Amino acid sequence: MTPTNILLLICGYFVLLLLISYFTGKNDSNDDFFKAGKSSPWYLVAFGMVGASLSGVTFISVPGWVEASQFSYMQVVFGYFLGYLVTAYVLLPIYYKQNVTSIYEYLDDRFGFVSYKVGAISFFVSRVLGAAFRLFLVAIVLQQFVFDAWKVPFELTVTLSILLIWIYTFKGGIKTIVWTDTLQTLFMLISVGLSIYFVLDQLDWSFSEFLTSSEFQQYNQTIFIDDFKDSKHLIKSFLGGMFVTICMTGLDQDMMQKNLTCKTLKDAQKNMVSFSVVLVIVTFVFMLLGALLFIYADKYQIALPLMDGKPKSDLLFPEIALNSGLGIVVAVTFMLGLIAAAYSSADSALTSLTTSFCVDFLGIEKKPEARRKKIRKITHVGMSVLLIIVVIAFKHILDTNVIDGLLKVAGYTYGPLLGLFAFGIFTKYQVKDRYVWAVALTSVVLCYILGKIPPENLGGYVLGYELLPLNGLITFIGLLLIRKKLPQNGHDR
């Protein structure tokens with residue numbers, strides 16, 4: 001598939017998104033941008049959230065991770081499932097009861113102004129980095145397989161990618177995204193299904209023959225319980241996955257903003273539970289695809305593509321789909337799936353960052369009505385520019401598999417949110433609000449130092465995803481140290 005054909009496909013895809021944006025963004029109101037008028041059908045939100053949760057990171061990086069980690073990622077995904085149940089039945093009732101626009105308003109009501117800002121800042125940093133990870137992944141694929149042929153610099157590729165997202169979200173916001181996410185999830189699932197079908201056909205295997213083959217046995221180890229010191233150990237992966245989900249979904253404005261567009265709490269809970277079941281199944285299919293890709297690459301002597309002179313496993317799927325002779329159907333559906341997966345996450349991230357900054361930092365709901373729309377639109381532009389800068393920076397500093405890097409960053413940035421919400425929900429204490437920022441900062445710094453300790457200095461123990469609950473626990477203990485007994489509605493401002 002030539003770079004010109006790929007570019008034409010991308011253009012056609014975005015024309016479709018712009019049509020959706022036109023019909024969903026006609027009102028161009030802040031209420032639609034932030035909450036979609038609280039009228040989204042739960043099943044539509046659930047289906048769309050599959051694509052938003054998987055994103056381009058899962059679409060490319062999870063299959064590319066199979067050789068190094070086999071199916072160990074499924075241990076994390078099983079933890080995800082439990083985390084989604086906690087989100088549905090512990091956190092969602094709180095958000096619906098308080099009728100929040102930003103979920104961090106809960107911290108203002110529970111503890112005070114400083115706690116509220118610490119929570120909002122934690123999300124803001126987390127989501128900027130998370131969205132940048134996802135955008136970086138699609139940008140390097142577009143660069144490698146499209147724009148390098150035309151000598152277009154990576155910086156321009158990133159700028160154009162984010163500009164396209166801004167164009168179709170600047171009016172409708174979350175109302176547009178609920179519908180575009182549904183379309184994007186559909187494209188992504190069709191793409192992975194067709195890719196598996198055509199690779200199996202090329203290998204002259206049926207699906208059952210693939211599952212029983214000796215080649216597949218080299219990649220399919222799922223449960224790791226032999227060495228507790230290993231970062232892939234079942235208990236560490238499962239608990240890490242659970243807390244990652246609680247934080248990256250339940251305490252994340254991006255994912256919760258979609259849930260809060262449902263009409264009722266019951267609808268939002270149905271959305272969350274059904275979505276979590278589908279997500280586990282779909283992620284397993286991606287792992288199967290990863291094993292299949294490495295088997296195919298080994299048989300046909302396809303080397304890992306190089307990026308800046310280094311082998312990049314994240315690029316194996318696009319290399320096989322676009323350059324290995326599987327045919328135009330695989331190439332077209334791969335590109336549609338990649339674009340859909342990447343942008344279904346990135347567009348909602350841009351919208352949630354705009355929402356959080358407007359509500360949590362600018363206090364838009366307290367501004368005169370005549371100024372609110374202008375503030376929102378200027379903020380939307382500012383968030384786009386910020387993402388461009390961070391994605392470009394990643395090209396020069398990122399040296400790990402993207403899904404692994406994303407989960408590690410979450411361990412540092414979401415920890416304070418986990419500690420704050422857990423303390424607010426499971427205790428009745430008030431805290432000395434003015435010191436909360438020091439507790440959060442100390443927790444992040446301590447976890448960063450722990451994460452940098454060489455395994456040989458810890459008796460061979462490798463710290464993995466448990467850094468996130470550890471971070472939350474340190475924050476929780478810090479809040480206990482600055483607690484004070486006050487009436488529930490009292491604050492130390």
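Colleague: In this predicted model, a residue counts as exposed over 50% relative accessible area and as buried under 20%. Is F23 buried or exposed?

Modeller: F23 is found in helix α1, residues 3-24. Its relative accessibility is 56%, so F23 counts as exposed.

Colleague: Which residues form a nonpolar patch on the surface?

Modeller: The patch has about 520 Å² of accessible area together.

Colleague: Is V141 buried or exposed?

Modeller: V141 has its place in helix α6, residues 113-145. Leaving aside neighbours within four places in sequence, V141 is in contact with I60, V146, L315, P318 and L338. The relative accessible area of V141 is 1%, and therefore V141 is buried.

Colleague: Is the pair of F71 and F284 stacked or edge-to-face?

Modeller: The count of aromatic pairs comes to 27. In the pair of F71 and F284, the ring centres are 5.9 Å apart and the planes stand at 85 degrees. Planes over 60 degrees apart count as edge-to-face. The pair of F71 and F284 is therefore edge-to-face.

Colleague: Which aromatic cluster do F71 and F284 belong to?

Modeller: F71 is in the loop between α3 and α4, and F284 is in helix α13, 213 residues apart. F71 is buried at 1% relative accessible area, whereas F284 is partly exposed at 37%. The cluster they belong to is F71, W205, F207, F210, F216 and F284.

Colleague: Which residue lies over the face of Y429?

Modeller: The distance to the ring centre of Y429 is 5.1 Å. The residue over the face is R483.

Key
Residues are numbered from 1 along each chain as its sequence is written. This is a predicted model: local features need pLDDT of at least 70, side-chain atom pairs count only at pLDDT 80 or more; totals for chains, interfaces and linings use all residues. Side-chain values use heavy atoms; hydrogens and water are left out. Helices (H or I, at least four residues) and strands (E, at least two) are DSSP runs, numbered from the N terminus. Buried means under 20% relative accessible area, exposed over 50%, partly exposed in between (1.4 Å probe, protein chains only). Contact means heavy atoms within 4.5 Å. Patches are made of residues with over 30% relative accessible area and no salt bridge: like charges are joined within 9 Å, nonpolar side chains (Val, Leu, Ile, Met, Phe, Trp, Tyr) within 5 Å. Accessible areas come from the Shrake-Rupley method with a 1.4 Å probe; for residues, only the protein chains shown count as cover. A salt bridge is a side-chain nitrogen of Lys or Arg within 4 Å of a carboxyl oxygen of Asp or Glu. Rings of Phe, Tyr and Trp (its six-membered ring) pair if their centres lie within 6.5 Å; planes under 30 degrees apart count as stacked, over 60 as edge-to-face and the rest as tilted. A charge sits over a ring if NZ of Lys or CZ of Arg is within 6 Å of the ring centre and within 35 degrees of the ring normal.
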